[in-house]
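Have a look at the model first, then read on.

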Amino acid sequence: MPRVHDVCSAIQNGFRARLKQISLPDTKMNLAISRILYNQGFVSSVMRGDYNGPNETYVPLTDENIATRRLWLDLKYKDNQPVLRQIQCVSKPSRKIRAQLDELKLLASGKRSGMLKPLQPGEIMIVTTPYGVLELHEAVAKNAGGEILCRAL
């Protein structure tokens, strides 16, 4: 299983180092998290490629190139400041944080739920549900609870 904390630390370190692009291993979980960050406006693009960089044209996935496939994220800055200020894991391998639908509704409405702090303005929470990896508001709209992976501000 892909480790979410590796993805979070790679993205946050890329922003802190003011990098233009970063690469992540091409897994379904990394793609889902990257897609959510792209849809919410934290990164400017997500492309597939290999160790050398993003591909200009479509390259099909084969048994020969599966180990070298990477996701390339173009990081976004505004006024020379990173758009993503902080991304942190909520669940850890030693302690999974799961939330029912009513707890997710409390978090989305700005109220505390147990140990979890409510969402601040501009903050997102990424949740894995039976419908896949979703942003908190999408999970509430689909009436699904699940494991809370990370928060991004």
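Throughout, contact means heavy atoms within 4.5 Å. This is a predicted model, where local features need pLDDT of at least 70 and side-chain atom pairs count only at pLDDT 80 or more, while totals for chains, interfaces and linings use all residues. Residues are numbered from 1 along each chain as its sequence is written, and side-chain values use heavy atoms, with hydrogens and water left out.

The protein chain splits into domain 1 (4-82) and domain 2 (90-152), with bounds that come from an automatic or database domain assignment. Taken over C-alpha atoms, their centres are 23 Å apart. Where they meet, 11 residues of domain 1 are in contact with 10 residues of domain 2.

Together the two domains bury about 860 Å² between them, and carbon and sulfur atoms give 81% of that. Buried area here is the accessible area (1.4 Å probe) that two parts lose on being put together, summed over both. On the domain 1 side, I36, Q40 and F42 supply 43% of the area buried against domain 2, more than any other three residues.

Which helices build the domain 1 side? α1 (4-16) and α2 (28-39) each supply at least two residues of the side that touches domain 2, and α2 gives the most, with 6 residues. Helices (H or I, at least four residues) are DSSP runs, numbered from the N terminus.
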